[in-house]
Amino acid sequence: MKKLLSVLMLSLVMMACNKDEDSTMFDWDKIVAEMETTELSAMDVLKSLRDNEVFVFGSNVHGNHNGGAAGYALAHFGAINGQAEGLQGKSYAIPTDGVSEKELYTSICRFCEFAAQHPEQTFYVTAIGCGNAGHSPYNVAPMFRQAIRLKNVKLPIEFWDFLSADYFF
């Protein structure tokens with residue numbers, strides 16, 4: 001019951017944030033099948049990025065990129081200490097540690113808007129918030145539901161169990 005209430009509440013927040021979006025249904029089986037064959041666990045395989053590729057990671061509210069994916073972005077992809085959100089070199093930070101779920105969702109909305117405005121770039125999203133920040137894919141993955149329509153956003157495999165039709169219906 002708690003899971004259902006969380007999903008319903010998050011869905012209401014998403015609908016409010018995306019009130020202008022078209023409400024057509026998705027072919028979830030096709031989307032999941034396609035993404036499962038193309039998704040990467042970004043930190044496991046990305047050693048370098050092409051000019052049009054961006055590493056998306058979770059940051060703390062202060063932008064201190066000390067460890068996990070944030071430390072990896074700092075060491076390899078131009079993340080900037082002290083910048084908690086946005087594009088930084090070949091990386092994009094989303095604050096996950098030290099923020100409320102509502103603030104996290106708002107930052108994810110901003111990221112999705114940015115990605116939609118930059119279709120020439122490919123964004124490899126890590127399982128943000130699910131490491132040092134202590135969130136779970138169960139809570140974070142549904143916040144990326146709007147990213148499913150963006151062909152240039154590659155979500156982590158850890159999120160796909162929570163982006164299927166069974167989870168929402």
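**Sheet, helices and a buried histidine**

The bridge partner of Tyr124 in strand 5 is Lys154. Strands here are DSSP runs of E with at least two residues, helices are runs of H or I with at least four, and both are numbered from the N terminus. Helix 5 (residues 101-117) packs on the sheet. Helix 5 touches strand 1, strand 2, strand 3, strand 4 and strand 5, where touching, or contact, means heavy atoms within 4.5 Å. The direction of helix 5 makes about 165° with that of strand 3. Such angles run from 0 to 180 degrees between N-to-C directions, with axes fitted as lines to C-alpha atoms, for helices over the stretch in contact.

The model is predicted: local features need pLDDT of at least 70, side-chain atom pairs count only at pLDDT 80 or more, and totals for chains, interfaces and linings use all residues. Residues are numbered from 1 along each chain as its sequence is written, and side-chain values use heavy atoms, with hydrogens and water left out.

The protein has eight helices and five strands. Along the sequence they follow the pattern α-α-α-β-α-β-β-α-β-α-β-α-α. The five strands form an open sheet with mixed pairing, in the order 2-3-1-4-5. Two strands pair if DSSP finds at least two bridges between them. Strand 2 (86-88) and strand 5 (153-154) each have a single partner strand, so one side of each lacks a neighbour in the sheet. Strand 4 (residues 122-125) and strand 5 run parallel and are joined by two bridges.

Helix 4 (residues 68-76) also packs on the sheet. Helix 4 touches strand 1 (53-60) and strand 3 (91-97), and its direction makes about 130° with that of strand 1. In helix 4, Ala69, Ala70, Gly71, Tyr72 and Ala73 are buried, meaning under 20% relative accessible area, with exposed over 50% and partly exposed in between (1.4 Å probe, protein chains only). Gly78 follows helix 4 and has a positive phi, near 80°.

His65 lies in the loop between strand 1 and helix 4. His65 is buried, with a relative accessible area of 2%. The side chain of His65 reaches the backbone oxygen of Gln83 at 3.2 Å. Neighbours within four places in sequence aside, the contacts of His65 include Phe57, Ser59, Ala70, Gly71, Leu74 and Gln88.

Of the 169 residues of the protein, 46% count as buried. Among contacts with a separation of 6 or more, 65% join residues 24 or more positions apart.

Notes. Polar contact = N/O pair within 3.5 Å; in protein donor to acceptor, adjacent residues only side chain to side chain.
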